[in-house]
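I'll jot down what I look up as I go.

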Amino acid sequence: MRTKLVAGNWKMNTTPEEGQKLASEVVNMVKDELNREVQVVLAPPFTHLHQVSRLIGDAKHITLAAQNVSEHEKGAYTGEISVGMLKAVGVKWVILGHSERREYFKESNQQLAKKLDAVLAGGLQPIFCCGEPLEVREKEDQNGYVQRQLEESLFHLSEEQMRKVVIAYEPIWAIGTGKTASDEQAQEMHAHIRQQLAGKWGQNLANEIRILYGGSVKPDNAKNLFAKPDVDGGLVGGASLKSRDFMDIIKGAI
Ligand code: PEP
């Protein structure tokens, strides 16, 4: 049985004060309203990590993520943040390969392979994002496109390393657009991803890996998406900035 996971990616939003308020609201709601096993992950901006880590404390169900990390351990990399720095402030997860990082910061599949190595070597868990742009979907080449992302970034990992990875399928045309993939489109791609994992590491491992859906997940569509057999939760952007909406999405995973 795969435990469902719902992660909130705050992106470059909230002041530290707003972040503190948002995190406390989520922590309290989860404490009061979540009585079943769902993992909740909060990914605030770097500047808020320490404070949000303290707010989470030893709250059941909730852990902390960073939105990115350097592949380097330390040194002359101005503006970068290392795995060690994240661990020191209580981070457990790192989102890697979000489409915004691929598009605006030119992160390649090859660079992401190195980031995955750094994250796993440091004992953190990656949430690895993949997904196709609209023009690829229109040509119906989405399966091949996502397959290449997986092959070039993940396929060098050992079975033991792969067990630590969570995959987030995020069709780019659905991120922040209000246009969600249909439940069937999500299920179809998640099954395809699981099939690729089975081909590489075997069916048992493929059955263990969690595959999240991301792209305009909202309280009113979360339940149906998360009910699909290969959809193991969600990576949520915009709706994770409103505690009530985020909590209602989390409840969609119960
Ligand atoms: C995301 O940023 O990963 C995302 C899915 O954003 P949104 O939920 O706003 O589409």
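First, a term I need: a polar contact is a pair of N or O atoms within 3.5 Å; within protein, one must be able to donate a hydrogen and the other to accept it, and residues adjacent in sequence count only if both atoms are side-chain atoms. This is a predicted model, where local features need pLDDT of at least 70 and side-chain atom pairs count only at pLDDT 80 or more, while totals for chains, interfaces and linings use all residues. Residues are numbered from 1 along each chain as its sequence is written, and side-chain values use heavy atoms, with hydrogens and water left out.

**Entry: Arg-2**

I started with Arg-2, which sits in the segment before β1 (4-9). Helices (H or I, at least four residues) and strands (E, at least two) are DSSP runs, numbered from the N terminus. Which backbone oxygens lie by the side chain of Arg-2? I found that of Asn-207 at 2.8 Å from a polar atom of this side chain, and that of Pro-229 at 3.1 Å from one. Then I listed contacts (heavy atoms within 4.5 Å). Leaving aside neighbours within four places in sequence, Arg-2 is in contact with Arg-194, Asn-207, Glu-208, Ile-209, Arg-210, Pro-229, Asp-230 and Asp-232.

**Entry: Glu-71**

Next I went to the loop between β3 (62-66) and α3 (83-88), where Glu-71 lies. I checked Glu-71 against Ser-82: they are 11 residues apart in sequence, and C-alpha to C-alpha they are 7.3 Å apart in space. Not counting residues up to four places away in sequence, Glu-71 touches Gln-111, Lys-114, Lys-115 and Ala-118. With Gln-111 there is a side-chain to side-chain polar contact of 3.3 Å.

**Entry: the ligand**

Which residues come nearest to the ligand? Of the 14 around it, they are Lys-11, Glu-170, Gly-176, Ser-216 and Gly-238; near here means that one of a residue's heavy atoms lies within 4 Å. I also looked up polar atoms by the ligand's oxygens. A polar backbone atom of Ser-216 is 2.8 Å from a ligand oxygen, and a polar side-chain atom of His-98 is 2.9 Å from one. For Asn-9, I noted 3.5 Å between an N or O atom of the side chain and an oxygen of the ligand.

**Entry: helix pairs**

Two packed helices are described by the angle between their axes and the distance between the axes. Axes are lines fitted to C-alpha atoms, for helices over the stretch in contact, and angles run from 0 to 180 degrees between N-to-C directions.

I took α11 (residues 219-226) and α12 (residues 243-251) to begin with; their axes come within 8 Å and cross at roughly 20°. That makes α11 roughly parallel to α12 (angles under 35 degrees count as roughly parallel, over 145 as roughly antiparallel, 65 to 115 as roughly perpendicular and the rest as oblique). In α11, Pro-219, Ala-222, Lys-223 and Phe-226 meet Asp-245, Asp-248, Ile-249 and Lys-251 of α12. By class, I get four nonpolar, no polar and four charged residues in the contact of α11 with α12. Ala, Val, Leu, Ile, Met, Phe, Trp, Tyr, Cys and Pro count as nonpolar, Asp, Glu, Lys and Arg as charged, and the others, Gly among them, as polar.

Helix α1 (residues 16-33) packs on α12 too, at an angle of about 35° with the axes 9 Å apart. On the α1 side I noted Leu-22, Glu-25, Val-26, Met-29, Val-30 and Glu-33, and on the α12 side Ser-243, Arg-244, Phe-246, Met-247, Ile-250 and Lys-251. The contact of α1 with α12 divides into seven nonpolar, one polar and four charged residues.
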